[in-house]
Amino acid sequence: MRFITILAAGVGLAAMSSGIASAQTATQAPSAASDQASSVDDIIVTARKRSERLIDVPVAVTAITAETLENRQFTSIRDIAAITPGLNINSDAAGRAFISIRGIGTTLLDTVQPGVGIFVDGVYQQNTSYLNSPTLAVEQIEVLRGPQSTLFGQNTLGGAINVTTKQPSDVLEGKLTATYAGPDNYYIVGATVAGPIIPGVLAGRLSVGTQSRDGFIKNSLLAYDDANRLEQNTIRGALRWQAGPAVINLNAYYDEVNGTNPLYAVTTGPNVYIDDARTNFRSIANYEYSGVNGRLQTPLNEQHDLTVIASYDKRDATSDSDGDFQSINLFRSTGQNTLETKSFEARIDSRWSEDFTSLIGVFKSNQTLDQTSATLVVPANLRVPAFANSDADIWAVFGTAFWNIQPDLELTVGLRYDHQQIDFRSARNSNYEANEVQPRIALRKRLDDNHMIYASIARGFRGGGTNGPGAPNLTYDGDSVWTYEVGTKLSTDDRRVSLQGAVFYNDYKDIIAANSLAPSTTGAGIVGINLNTGDARSYGVEAEITADLTDAWTVRASGLLQNARITDDTRYRQTTGRRLPTDRIPFQPDWTLSLQSDYVVPVGRGDLTFSAGIVGKGDRIGAGLSNTFAPELDSYFLANATISYRVDGMEFAVFSNNLFDEDYYESYIDSSTLTAAGLPALGSLGQIGDGRRVGVRVGYSF
């Protein structure tokens with residue numbers, strides 16, 4: 001029945017598309033309420049590694065401009081999930097986030113390679129912690145849904161988040177922003193300045209920022225310490241050198257994050273919301289991120305353009321936390337690790353004729369991880385150390401051909417070959433190796449300049465890996481998906497209405513969906529292990545629409561309806577000796593929605609904007625290791641409201657997020673997880689989401 005409903009929705013989407021297209025009128029100026037480049041035929045994206053109109057790209061893409069980030073009070077990359085259909089992001093610690101698109105994502109262990117790739121200026125981010133970074137100097141964020149392996153590589157079987165930062169030019173510009181909100185002393189201060197160093201040759205940009213919050217979780221065992229506090233400091237720099245026809249971009253960054261390790265409160269059920277995490281030790285996680293990358297873009301001749309990207313990234317981390325998450329004083333866990341990543345990519349974009357072009361390239365990456373940890377068995381005063389080192393090599397070759405069969409009909413065929421090898425050394429050594437071929441075929445039909453339909457078939461792959469010290473299973477395999485998708489994009493001639501929609505079907509093999517806990521083979525404490533669950537499938541429909549109802553009033557809406565289910569859990573049962581109590585994938589809702597309204601009133605020389613919105617997420621299941629019971633988290637809606645005034649580069653705003661102080665769990669672990677690991681369980685473990693914040697923001701741009 002659900003599949004029939006979704007197919008019917010797809011037919012309705014196509015009908016809506018035709019109806020909007022036929023209702024086009026004479027061209028008018030965009031309304032005052034619209035964000036810059038708000039319609040799908042105005043926005044330029046790089047979803048296919050080249051600059052194209054969003055409406056011409058046969059990929060489901062949500063493009064979020066810098067103006068939208070500012071207008072929506074989005075202060076970190078993860079906030080974009082609120083307006084992106086199918087994108088699900090939640091986090092239970094300062095240094096990690098869990099991300100999925102259309103039902104595929106990571107488990108509660110951040111050692112799994114993400115199923116959604118994150119790219120900043122074309123550079124792949126090796127971990128999801130970047131999602132918690134502030135949006136300083138961000139030009140645009142593109143969320144590509146469905147496998148993007150052909151051009152973006154492995155670990156994009158769910159999709160990719162492509163972040164483009166603002167590059168400096170000969171125009172002197174700058175921006176200052178400051179935000180403060182309570183009741184948790186939440187603040188963000190940022191500044192960026194850019195302009196010419198040698199006019200016409202060299203330009204630079206410098207951005208700095210700091211943010212802090214106390215959070216909404218307390219700890220009564222530690223005198224109601226603000227247990228979930230976060231502090232982050234960021235500095236980023238960029239240089240752009242115009243060397244004749246060649247352009248060289250250099251970027252460098254340093255981030256310091258002081259926050260918490262996973263922090264949970266003991267609760268009696270998934271609908272009982274507790275904000276008191278009664279742990280014996282303050283959970284601490286400190287990170288330092290640094291890196292540098294460069295991009296060379298140059299024409300080789302009139303027919304071929306070359307792009308070369310090289311990068312180096314480093315993460316240093318330390319942690320100290322209560323190893324049993326409860327007021328029972330059993331274990332204390334400490335650790336430190338260093339992650340270094342080097343990557344190189346070169347590609348050539350070729351124009352063979354007006355109707356045929358191609359893009360071919362090579363990719364190489366090396367990642368080393370050195371980690372040490374220790375578990376203190378408190379009652380016995382026994383310290384059990386562990387260590388692990390890994391070295392991962394990835395290389396790939398890829399190519400895509402773009403053929404205009406007719407002026408209004410394009411066929412795209414792409415293929416990528418990836419090789420990955422991980423050498424893991426600890427008390428027991430192990431190795432993981434994979435060789436994967438990932439094709440993509442897409443057919444696009446342009447009905448007119450503002451309306452197109454497309455169909456695509458693609459395969460995506462995520463690499464497997466090795467488990468850490470003390471894990472009983474040393475390795476686990478990667479998972480893969482075949483995705484089938486049809487969609488449409490359109491904008492009316494007057495730019496007042498734009499629509500994107502898609503219907504999709506995903507067939508997953510060896511999905512990494514539900515992790516597990518096990519007694520450590522070191523003889524002390526418990527360890528999390530990654531493993532393959534089995535097979536799964538998801539299908540659904542998604543849509544985004546923007547409508548300028550009047551010159552002053554704009555409404556935006558997006559939504560997803562999906563069915564993501566495990567179809568075969570044989571591999572999970574073989575590894576754990578247990579069976580899954582449900583076919584649902586942990587933390588994956590069956591629906592999400594977003595609705596936003598903006599109304600602009602001219603006041604004096606400026607504009608007064610009234611904004612209100614709501615985001616919703618369907619019920620999900622939490623983590624657990626019971627054979628018969630799966631905890632179900634309630635669906636919820638979060639409201640927001642903002643009143644802002646802009647005049648002569650100045651902005652003043654008051655806002656409230658989670659306006660009605662809705663209770664919900666960001667993450668949840670059933671008590672069966674603790675008992676399965678041999679620990680006494682005082683209850684289940686839950687981490688509440690952020691409560692209501694009310695604040696002010698001021699800014700100045702020049």
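User: How do strand 13 and strand 16 pair, and over how many bridges?

Analyst: Two strands count as paired if DSSP finds at least two bridges between them, and strands are DSSP runs of E with at least two residues, numbered from the N terminus. In this predicted model, strand 13 (residues 202-213) and strand 16 (residues 230-243) are antiparallel, with 12 bridges. One example is Thr210, whose bridge partner in strand 16 is Asn233.

User: What does strand 16 form with strand 17?

Analyst: The two make a hairpin with 2 residues between them. Strand 17 covers residues 246-259 and runs antiparallel to strand 16, joined by 13 bridges. Arg236, for instance, has Tyr253 in strand 17 as its bridge partner. In the turn, look for Gly244, which has a positive phi of about 65°.

User: How should I read a sheet order, and which strands stand at the edges?

Analyst: Here 5 strands form an open sheet in the order 3-9-10-7-8, with mixed pairing. Strand 3 (60-65) and strand 8 (123-124) stand at the edges; each has a single partner strand, so one side of each lacks a neighbour in the sheet. Strand 3 pairs with strand 9 (residues 138-145) in the antiparallel sense over 6 bridges, and Thr65 has Gln140 as its bridge partner there.

User: Which residues have the most contacts inside the largest nonpolar core?

Analyst: First the idea: a nonpolar core is a set of buried Ala, Val, Leu, Ile, Met, Phe, Trp, Tyr and Cys residues joined through side-chain atoms within 4.5 Å. Buried means under 20% relative accessible area (1.4 Å probe, protein chains only). The largest core has 22 residues, and Ile80, Leu87, Leu131, Ile141 and Ile161 have the most contacts inside it. Among the elements giving it two or more residues are strand 9 and strand 10 (159-165). A second, separate core of 20 residues includes Phe216 and Ala623.

User: Is Gly606 buried or exposed?

Analyst: Gly606 is buried, at 5% relative accessible area, and lies in strand 36 (residues 606-617). Contact means heavy atoms within 4.5 Å; beyond four places in sequence, Gly606 touches Val601, Tyr645, Arg646 and Val647.

User: What is the mean pLDDT of the chain?

Analyst: pLDDT is the predictor's confidence in each residue, from 0 to 100. The chain's mean is 87, and 91% of its residues reach 70 or more, but pLDDT stays under 50 over residues 1-37. Local features need pLDDT of at least 70, side-chain atom pairs count only at 80 or more, and totals for chains, interfaces and linings use all residues. Residues are numbered from 1 along each chain as its sequence is written, and side-chain values use heavy atoms, leaving out hydrogens and water.

Notes:
Helices (H or I, at least four residues) and strands (E, at least two) are DSSP runs, numbered from the N terminus. Buried means under 20% relative accessible area, exposed over 50%, partly exposed in between (1.4 Å probe, protein chains only).
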